[in-house]
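Subject: The structure I promised you

Hi,

Here is the structure for you to open. Have a look around first, then read my notes below.

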Amino acid sequence: MSNGASEPWAVLVPEGSARIRRQLSELTASGGLVHHFDARDLMTAQGVFRTFAEVLRFPGYFGRNWDALVDCLDDLCGEVTGGGAGIAGVVHGADLLLETEHFPLFVSVLCQGADRANSAVDLDGDPLDRPTVAEHFVLEFRDFDREKLAARVEQPDLIVTTGDGLVGTALNPEKWH
């Protein structure tokens with residue numbers, strides 16, 4: 001995670017990671033916002049849609065499906081993004097989500113939404129009429145096993161990397177760009 005528009009878009013980390021706490025503090029010091037999610041509220045797809053809509057103040061026309069979630073993550077209002085300074089969404093207790101059917105899709109959707117928010121061009125390559133928004137997601141795990149987590153989110157549309165105390169996920173440019 002960084003304060004700029006750089007990959008990875010979603011990181012899986014041990015709960016209480018000093019590195020992530022420092023980066024979140026830097027984000028808020030620069031005017032960005034941190035939004036918190038409780039994994040207990042994200043156990044079903046409908047729970048994900050409801051909770052993200054509430055926390056990130058999605059518009060009333062939000063379609064409550066995965067594609068609509070990507071669209072709304074790409075088009076967050078200024079009061080949710082710190083006036084464009086950027087956001088981080090932190091999912092606490094993410095261990096609960098590991099065995100849900102939607103977990104790999106959920107991580108992919110977070111990466112898709114963040115990738116689009118961080119981009120200065122639309123899907124056709126045309127310049128957008130809005131500034132980019134640095135958007136990242138942090139999933140915190142009590143039982144952090146890098147290899148197990150990497151294997152669980154591994155899918156063709158994502159690049160999964162393991163580093164010092166984290167698993168990073170970003171869109172695979174061969175599949176998405």
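What pattern does the protein chain follow, read along the sequence? The answer is β-α-β-α-α-α-β-α-β-α-β-β-α. That comes from 7 helices and 6 strands in the protein chain; helices (H or I, at least four residues) and strands (E, at least two) are DSSP runs, numbered from the N terminus.

Two notes on the source before you go on. This is a predicted model, in which local features need pLDDT of at least 70 and side-chain atom pairs count only at pLDDT 80 or more, while totals for chains, interfaces and linings use all residues. Residues are numbered from 1 along each chain as its sequence is written, and side-chain values use heavy atoms, with hydrogens and water left out.

Now the whole chain. Of its 177 residues, 49% are buried. Here buried means under 20% relative accessible area, exposed means over 50%, and partly exposed is in between (1.4 Å probe, protein chains only). Take the contacts (heavy atoms within 4.5 Å) between residues at least 6 apart in sequence: 62% of them join residues at least 24 apart.

On to helix α1, residues 18–29. Its 12 residues should span 16 Å at 1.5 Å a residue, and the end C-alpha atoms are 16 Å apart, which agrees. (The expected span is 1.5 Å times one less than the number of residues.) Which residues of α1 are buried? They are Ile20, Gln23, Leu24 and Leu27. Seen down the axis of α1, these buried residues fall within an arc of 100°, so they line one face of the helix; the arc is that of the directions from the helix axis to the C-beta atoms. On the face of α1 turned away from the buried side you will find the exposed residues Ala18, Arg21 and Ala29. The cover over the buried residues of α1 includes β1 (10–14), β2 (33–38), β3 (87–92) and β4 (135–141).

Just after α1, look for glycine 31, which has a positive phi of about 100°.

Next, helix α3. Is α3 largely enclosed or exposed? It is largely enclosed by the rest of the structure, because 7 of its 9 residues are buried. Those are Trp66, Ala68, Leu69, Val70, Cys72, Leu73 and Asp74, and they pack against α2 (45–55), α5 and β4.

Two packed helices are described by the angle between their axes and the distance between the axes. For α3 (residues 66–74) and α5 (residues 103–117), the angle is about 35° and the axes are 7 Å apart. Axes here are lines fitted to C-alpha atoms, for helices over the stretch in contact, and angles run from 0 to 180 degrees between N-to-C directions. Among the residues that meet are Trp66, Leu69 and Leu73 in α3, and Leu105, Phe106 and Val109 in α5.

The loop between α2 and α3 holds arginine 57 and also arginine 64. Arginine 57 has a positive phi, near 55°, though it is a residue other than glycine. Arginine 64 is not a glycine either, and has a positive phi of about 55°. Arginine 57 is partly exposed at 44% relative accessible area, and arginine 64 is partly exposed at 40%.

Last, helix α6 (residues 146–153). Its buried residues are Leu149, Ala150 and Val153. They cover an arc of only 100° around the axis, which puts them on the same side of α6. The face turned away from that buried side carries exposed Glu147 and Ala151. What do the buried residues of α6 pack against? The partners are β1, α5, β4, β5 (158–163) and β6 (166–171).

Enjoy exploring!

Technical notes: The expected span of a helix is 1.5 Å times one less than its number of residues.
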